[in-house]
Amino acid sequence: MTNKNPFLPRLLRFLKSIDAMNNEVNRNMLLSQLNNCPIGSITRLTGQKEGDLDNIVYAVNGWGQTNTGEFALIILMENSRRFVQGLMLENELDNLIHEYQRINLYEGIPDEEIPDEEIPVVICSMTSEEASELKEKIDSNETPNEFLGFQQLKSHFECIAEFTNHYDEQRDNWKPFLHENRTAKEIVKQAIIAYSTRDPNNNLPLLKPNFLSEECFGDDQAQRLNTWKKLRYSGGILIVDAVSLFCPKIKRYLIEEAQILANQNITIFVLSPTNISTFEARRSFEREIANKMITVCDRFNNHDQHCEIGIINLFDLERRLHSIIPQTSKNIKNYKLENNKKKFRESTQQNNIRPTGVGNLIFGGENS
């Protein structure tokens with residue numbers, strides 16, 4: 001992408017509209033995670049917000065892809081998300097990232113011919129309110145038996161003593177213990193975007209996550225059941241917070257209601273509160289997961305690559321996400337194809353239309 005491309009001025013207008021960019025420290029944060037890039041070569045203009053942003057953006061754009069295959073400018077844009085999270089500007093940021101992907105991966109191809117695909121993602125996490133309620137029950141003098149396992153885990157994992165700090169009003173904004181400065185939504189979105197952009201020849205459509213956490217754990221039962229049902233057929237990714245499994249609502253809706261944990265189309269990654277390298281800690285952790293999610297443990301013990309228990313660091317999570325994206329994308333594509341066939345059959349039956357020609361080859365029957 002050259003400097004003449006109208007995308008860069010639009011990106012700069014977006015960045016300059018963020019109040020936090022008045023602070024040089026925040027502008028520096030745009031350059032985080034750009035490992036092995038020549039950050040020191042950028043001409044910085046201290047005290048000049050607009051000129052400094054101009055130099056940063058045009059320099060980063062010129063770096064193209066990093067040594068990990070990710071586009072440097074996408075990393076910069078994702079770094080700006082923390083300043084617009086929950087605001088209308090976040091939608092504008094998503095649109096800019098999506099447009100940049102299209103420009104780089106499908107240059108010269110008409111928009112209508114660009115493949116696009118959403119991967120369903122559910123962040124199985126408490127809200128901040130639910131976390132506070134859980135803490136009150138656990139801290140009470142008469143701790144119910146169902147929370148005794150939490151007390152045992154806490155004895156191994158000191159970091160979960162103040163676990164409520166990791167949760168937000170929105171489930172997707174849970175900050176996993178493996179990276180307290182990034183939300184689960186940010187981590188998953190970055191991983192899917194990075195996979196889409198790292199290899200222009202991977203023959204996958206342009207991928208983006210479709211977060212369904214609120215639909216799956218909301219108060220509308222009909223919506224919950226319908227969303228879980230669709231996921232059973234389409235496939236998707238579940239990122240599970242191990243601590244949230246002690247939350248009655250998460251336990252009820254995910255384990256008892258969803259009927260999805262044994263489904264081979266569903267990827268389930270259970271994140272550990274912290275390192276579980278010690279034998280006692282791992283045994284305690286796995287025992288609690290087994291008590292709550294026996295089907296998930298069965299998949300894990302049978303070496304199902306779409307099921308992992310006890311992920312302890314960001315690199316491991318991103319690596320595993322990258323490993324399952326191709327098959328997940330294929331499953332979703334097959335689901336859409338079968339769904340379209342079903343709708344076609346229903347339409348022809350309702351209108352008393354018999355398939356002819358190519359329709360016969362697909363659906364069976366004699367040519368008329």
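**Pockets, strands and cysteines in a predicted model**

The second largest pocket is lined by 15 residues, and those nearest its centre are Pro120, Asn210, Leu212, Ser234 and Tyr335. The elements that give two or more residues to this lining are strand S1 (116-124), strand S2 (206-211), helix H10 (221-234) and H14.

**Second largest pocket**
- This pocket holds about 300 Å³ of space, and H10 gives the most to its lining, with five residues.
- By class, the lining of the second largest pocket comprises five nonpolar, four polar and six charged residues.

**Largest pocket**
- Two or more lining residues come from each of helix H4 (72-79), helix H8 (184-198) and helix H14 (314-350).
- Nine polar and eight charged residues, together with six nonpolar ones, make up the lining of the largest pocket.

**Strands S4 and S5**
- Strand S4 (residues 266-271) runs parallel to S5 and is joined to S5 by four bridges, with Val270 standing opposite Ile309 in S5.
- Strand S5 (residues 307-311) is mostly covered, since five of its five residues are buried.

**Cysteines**
- The count of disulfides is zero, where a disulfide would require a pair of cysteine sulfur atoms within 2.5 Å.

Terms used. Residues numbered from 1 in each chain as written. Predicted model: local features only at pLDDT ≥ 70, side-chain atom pairs only at ≥ 80, totals over all residues. Heavy atoms only, no water. Buried < 20%, exposed > 50% of the residue type's maximum accessible area, 1.4 Å probe, protein only. Pairing = 2+ DSSP bridges. Nonpolar A, V, L, I, M, F, W, Y, C, P; charged D, E, K, R; others polar. 1 Å grid on protein atoms, 1.4 Å probe; cavity = no way out; pocket = protein on both sides within 12 Å on 5 of 7 lines; lining within 4 Å. Points joined across faces, edges and corners; volume = space filled by probe spheres on them.
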